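Hi everyone, thanks for making the time today.

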Amino acid sequence: MAYGKKPVAGFRECMSLIEKDISGLVFVRSDEPYLFDWIVDRIKKKHVDPDMLDFDYTVYDGSVAASDIEMSTGTFPMGSKKKLIVIKEAFKEAGKSLAVKSEIEKLTEIATNLEGEVILLIGSKKLGGAVVSAPIRKLKAAGEFFDIGRLSLSQANSFVRKRVEECGKTISYQAAEFLISELKYGSRDSGEDLYSVANEAIKLAYSTDKAEIKKDDISKVTSKSLENNVFLLLDAIGYGKKDKALRLLRDLMIPGKNEFSLLGLIISQLEMLLAIRECTALGKGESSMIKVLPYNPYRIKKSIPVAGRYSIHSLVDLLKNAYSADEKIKTGLMPADLVLEMFVATG
């Protein structure tokens with residue numbers, strides 16, 4: 001298994017920093033969207049007033065222009081300690097959107113001139129490729145930079161046990177290790193990330209009345225991977241089969257328990273489908289996609305037909321709806337299970 005060589009030292013350093021009174025640029029390269037989202041959530045809770053989220057908290061993806069970031073960062077917070085601007089997957093596609101020299105240079109200029117009440121949090125798995133390596137180095141130097149890898153085997157084990165314990169159950173080190181092995185977390189032929197691992201751990205905890213989760217319980221619950229089920233759900237939406245998509249959702253969802261991690265995996269899959277669909281529109285084939293996209297080759301190959309069932313416009317709209325659903329769940333505006341069902345029903 002390809003577990004991180006230098007697992008999450010960068011994550012610990014980043015969490016240590018954000019407990020302080022931070023401002024300016026925080027730049028995070030992360031293999032795990034779950035960990036980056038955790039960082040976003042911690043900074044938001046510490047510095048942004050919940051009543052001021054509409055004014056003092058903005059989230060963009062890598063398709064945003066640096067000029068839009070400049071406008072967002074150019075005003076003071078309305079009622080919070082800090083104003084938080086987040087860019088997710090900023091440099092995902094080399095030579096496109098923010099991942100070009102002029103845009104990165106503009107971001108560096110913005111980061112250098114940020115007011116003390118503004119935090120610009122940039123996250124990305126890829127850093128734009130060799131063509132922009134020099135401007136990326138300058139951007140790193142304009143603030144705090146953290147490099148966060150995947151979890152090691154022991155850290156993934158601890159992660160699973162904590163998620164199970166949060167549900168009021170226990171799981172031994174050996175059983176947690178078996179779950180990680182079943183999910184193939186970290187292996188080259190698997191797209192499972194911490195969102196899917198967290199969801200499986202939570203689903204497992206609520207699948208039995210027993211106080212301790214054992215290997216037999218894991219074998220029953222993980223007969224089909226979560227990633228594959230989410231893949232089938234999005235395929236059903238692409239075909240317009242809303243009833244099937246809702247049935248799959250209800251099979252995956254444990255109301256009040258796993259909606260956040262489930263939606264995180266849906267968003268991750270949608271981002272990949274959009275990237276594939278955009279490559280297809282540019283005439284790129286499977287081999288080219290594998291070279292330029294930051295995803296597992298097996299996932300890309302499997303997802304090309306599904307991406308083809310959507311237009312770029314429909315995937316962009318779905319992603320916007322998913323990001324909106326994510327905020328509704330985090331802020332408690334609506335019951336989380338209802339938010340997910342509405343997302344699928346209107347997808």
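Let's begin with helix H6, on the face turned away from its buried side: there you find the exposed residues Arg137, Lys138 and Ala141. Please keep in mind that this is a predicted model. H6 runs over residues 133-141, and its buried residues are Pro135, Ile136 and Leu139. Around the helix axis those three cover an arc of only 105 degrees, which puts them on the same side of H6. And what do the buried residues of H6 pack against? They pack against strand S1 (24-30), H5 and S4.

An α-helix has 3.6 residues a turn, so residues three or four places apart point the same way.

With that in mind, turn to helix H4, residues 66-73. Here the buried residues are Ala66, Ile69, Ser72 and Thr73. Looking down the axis of H4, you see them fall within an arc of 115 degrees, so they line one face of the helix. The cover over the buried residues of H4 includes strand S2 (57-61), strand S3 (83-88), helix H5 (101-112) and strand S4 (118-124).

Now for a stretch of loop. Two residues have their place in the loop between S3 and H5: one is glutamate 89, and another is serine 97. Glutamate 89 has a phi near 50 degrees, a positive value in a residue other than glycine. Serine 97 is not a glycine, and yet its phi is positive, at about 50 degrees. How accessible is serine 97? Its relative accessible area is 31%, so serine 97 counts as partly exposed.

Next, some single residues inside helices. Asparagine 157 belongs to helix H7, residues 153-165. Is asparagine 157 buried or exposed? It is buried, because its relative accessible area is 0%. Setting aside neighbours within four places in sequence, asparagine 157 is in contact with Tyr173, Ala176, Glu177 and Ile180.

Proline 297 lies in helix H15, and with a relative accessible area of 41% it is partly exposed.

Stay with H15 for a moment, which spans residues 297-307 and also holds serine 303. At a relative accessibility of 2%, serine 303 counts as buried, because the cut-off for that is under 20%. Where does the side chain of serine 303 reach? It reaches the backbone oxygen of arginine 299, at 2.7 Å. Not counting residues up to four places away in sequence, serine 303 touches Phe231, Met272, Leu273 and Ile276.

Cysteine 279 sits in helix H13 and is buried, with a relative accessible area of 1%. Methionine 289 is ten residues from cysteine 279 in sequence, and the C-alpha atoms of the two are 6.8 Å apart. Leaving out residues up to four places away, cysteine 279 touches Glu93, Lys284, Met289, Val292 and Leu293.

One more residue of this kind: alanine 236, in helix H11, residues 226-238. Alanine 236 is buried too, at a relative accessible area of 3%. Apart from neighbours within four places in sequence, alanine 236 is in contact with Lys241, Lys244 and Ala245. Between alanine 236 and valine 344 there are 108 residues of separation in sequence, with 9.9 Å from C-alpha to C-alpha.

H2 gives the most, with six residues. Sorted by class, the lining of this pocket has twelve nonpolar, four polar and nine charged residues.

Conventions: Residues are numbered from 1 along each chain as its sequence is written. This is a predicted model: local features need pLDDT of at least 70, side-chain atom pairs count only at pLDDT 80 or more; totals for chains, interfaces and linings use all residues. Side-chain values use heavy atoms; hydrogens and water are left out. Helices (H or I, at least four residues) and strands (E, at least two) are DSSP runs, numbered from the N terminus. Ala, Val, Leu, Ile, Met, Phe, Trp, Tyr, Cys and Pro count as nonpolar, Asp, Glu, Lys and Arg as charged, and the others, Gly among them, as polar. Buried means under 20% relative accessible area, exposed over 50%, partly exposed in between (1.4 Å probe, protein chains only). A polar contact is a pair of N or O atoms within 3.5 Å; within protein, one must be able to donate a hydrogen and the other to accept it, and residues adjacent in sequence count only if both atoms are side-chain atoms. Contact means heavy atoms within 4.5 Å. The arc is that of the directions from the helix axis to the C-beta atoms.
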